Amino acid sequence: MEDPLGKFLSRGRLQMLILALEAQARGPKTEKLRYDDKLTVEHLMPQKWETHWPLPETMESEEAEANRERMLQTIGNLTLLTNAPWAKKREEIPRHTVLSLNHRACEAAIWDELAIGRRGAELFELARALRPRPA
């Protein structure tokens, strides 16, 4: 959950991982997903966050900035969609996406390190269900 997968895995591998998690998140009554190759791996909080996602005043420090930089590449901040700013993404995703994982992300009023961590934990549980460890 805390590894910077965005740095370790190629975009193709990340796409495969996110699609596998999406498939795991879908229930038996959910319509089948038709993959649209226009969807790309995107960061919910952008890599250049400073302008639109400043750190809260209570968190301003080199440590908080380093933590945010680390969180950017974790699975909790990565998804499949077309590129846009968060305000637009949050508004547009629920209207246009068929990906369950994106709907859940848009439920967060604020997209910060806590939201990224919560989403990462949810995705980890999906991954664990998809590939359980041997006894």
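Biologist: Helices here are DSSP runs of H or I with at least four residues, strands are runs of E with at least two, and both are numbered from the N terminus. With that settled, where is Arg26 found?

Modeller: Arg26 is found in the loop between α2 and β1. This is a predicted model, in which local features need pLDDT of at least 70 and side-chain atom pairs count only at pLDDT 80 or more, while totals for chains, interfaces and linings use all residues. Residues are numbered from 1 along each chain as its sequence is written, and side-chain values use heavy atoms, with hydrogens and water left out.

Biologist: What does the chain average in pLDDT, and where is confidence lowest?

Modeller: The average pLDDT (the predictor's confidence in each residue, from 0 to 100) is 83 for the chain, and 93% of the residues score at least 70. Confidence is lowest in helix α4, residues 86-96, with a mean of 75, and highest in helix α6, residues 113-130, at 91.

Biologist: Back to Arg26: buried or exposed?

Modeller: Arg26 is buried, since its relative accessible area is 16%; buried means under 20%, exposed over 50% and partly exposed in between, with a 1.4 Å probe and protein chains only.

Biologist: And what is Arg26 in contact with?

Modeller: Contact means heavy atoms within 4.5 Å, and, leaving aside neighbours within four places in sequence, Arg26 is in contact with Glu31, Lys32, Leu33, Val98, Leu99 and Ser100. Its side chain also makes a polar contact with the side chain of Glu22, at 2.6 Å. A polar contact is a pair of N or O atoms within 3.5 Å; within protein, one must be able to donate a hydrogen and the other to accept it, and residues adjacent in sequence count only if both atoms are side-chain atoms.

Biologist: Switching to α6, which residues are buried there?

Modeller: In α6, Glu113, Ala115, Ile116, Arg119, Gly120, Leu123 and Leu126 are buried. They lie on the same side of α6, because they cover an arc of only 150 degrees around the axis, the arc being that of the directions from the helix axis to the C-beta atoms. On the other side of α6, Leu114 and Arg118 are exposed.

Biologist: What do the buried residues of α6 pack against?

Modeller: They pack against α2 (11-25), α3 (62-72), β2 (78-81) and α5 (100-106).

Biologist: Which residues of α3 are buried?

Modeller: Ala64, Arg68, Met71 and Leu72 are buried in α3. Because they cover an arc of only 105 degrees around the axis, they are on the same side of α3, whereas Glu62 and Glu63 on the other side are exposed. What covers the buried residues of α3 includes β1, β2 and α6.

Biologist: How many bridges are there between β1 and β2?

Modeller: Strand β1, residues 40-43, pairs with β2 in the antiparallel sense over four bridges; two strands pair if DSSP finds at least two bridges between them. His43 has Leu78 as its bridge partner in β2. Both faces of β2 are covered, with Leu78 and Leu80 buried on one side and Thr79 and Leu81 buried on the other.

Biologist: Last one: where is Leu55?

Modeller: Leu55 is in the loop between β1 and α3, and it counts as buried at 12% relative accessibility. Beyond its neighbours within four places in sequence, its contacts include Ala64, Arg68 and Glu113.
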